[in-house]
Amino acid sequence: QVQLVESGGGLVQPGGSLRLSCAASGFTFSRYAMNWYRQAPGKERELVAAVRSAGGLKNYADSVKGRFTISRDNAKNTVSLQMNSLKPEDTAMYYCNALSPYGDQAYWGQGTQVTVSS
């Protein structure tokens with residue numbers, strides 16, 4: 001049974017930091033690209049950060065470059081998103097996503113809420 005379980009969301013003031021984590025099980029984690037998406041109310045889900053299976057190649061949305069860092073630990077089957085200098089516009093539900101090597105299979109977590117507000 002595939003599971004992606006996110007944690008680490010919460011309420012933080014502008015300029016603050018949060019670290020999201022995603023624990024994966026039920027599939028060969030090391031072979032999958034891992035991604036973080038977010039969806040704000042009334043908006044489409046957007047890709048925030050991505051890391052390839054070996055962990056070397058990472059991509060970020062322009063809106064979070066320089067502030068967010070994605071990392072993965074293939075030994076622990078986890079992927080994290082360190083979010084610094086948070087802004088109110090970062091408020092959204094954040095989802096962990098796993099994508100198979102050929103893109104034919106995708107798994108999603110339930111999401112964790114991030115709210116940036118004073």
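N77 sits in the loop between β7 and β8. Strands here, like helices, are DSSP runs numbered from the N terminus (strands are E, at least two residues; helices are H or I, at least four). The phi of N77 is near 55 degrees, a positive value in a residue other than glycine. Most residues other than glycine have a negative phi. N77 counts as partly exposed, because its relative accessibility is 24%. The scale is this: buried means under 20% relative accessible area, exposed means over 50%, and partly exposed lies in between (1.4 Å probe, protein chains only).

This is a predicted model, in which local features need pLDDT of at least 70, side-chain atom pairs count only at pLDDT 80 or more, and totals for chains, interfaces and linings use all residues. Residues are numbered from 1 along each chain as its sequence is written, and side-chain values use heavy atoms, with hydrogens and water left out.

Strand β7 covers residues 68–73, and it pairs with β8 in the antiparallel sense over 6 bridges. Two strands pair if DSSP finds at least two bridges between them. Within this pairing, R72 stands opposite V79 in β8.

What does β8 join on another side of the story? Strand β8 (residues 78–83) is joined by 6 bridges to strand β3 (residues 18–25), and the two run antiparallel. A23 has T78 of β8 as its bridge partner. L20 stands opposite L81 in β8. Strand β3 also takes 5 bridges from strand β1 (residues 3–7), again antiparallel. There, E6 stands opposite C22 in β3.

Strand β3 shows two faces. In a regular strand the side chains alternate between the two faces of the sheet. The covered face of β3 holds L18, L20, C22 and A24. The uncovered face holds R19, S21, A23 and S25.

The largest nonpolar core has 30 residues. Such a core is a set of buried Ala, Val, Leu, Ile, Met, Phe, Trp, Tyr and Cys residues joined through side-chain atoms within 4.5 Å. Those with the most contacts inside the core are L4, M34, W36, V79, L81, M83 and Y94. At least two core residues come from each of β3, β4 (33–39), β5 (46–51), β7, β8, β9 (92–99) and β11 (112–116).

Which residues does V79 touch, leaving aside its neighbours within four places in sequence? Contact means heavy atoms within 4.5 Å. The partners are L20, S21, C22, F29, M34, W36, V51, I70, S71, R72 and C96.

Two other loops are worth a stop. S85 is found in the loop between β8 and β9. Its phi is near 50 degrees, again positive in a residue other than glycine. S85 is partly exposed, with a relative accessible area of 41%. G66 lies in the loop between β6 (58–60) and β7. G66 is exposed, at a relative accessible area of 84%. From G66 to E46 is 20 residues in sequence and 17 Å in space, C-alpha to C-alpha.

Step back to the whole chain. The protein chain has 0 helices and 11 strands. Its radius of gyration is 13 Å, close to the 13 Å that the globule rule gives for 118 residues, so the chain is as compact as a globular protein of that length. The radius is taken over C-alpha atoms, and the rule is 2.2 Å times the number of residues to the power 0.38. Along its principal axes the C-alpha trace spans about 40 × 25 × 25 Å. Of the 118 residues, 38% count as buried. Among contacts between residues at least 6 apart in sequence, 54% join residues at least 24 apart.
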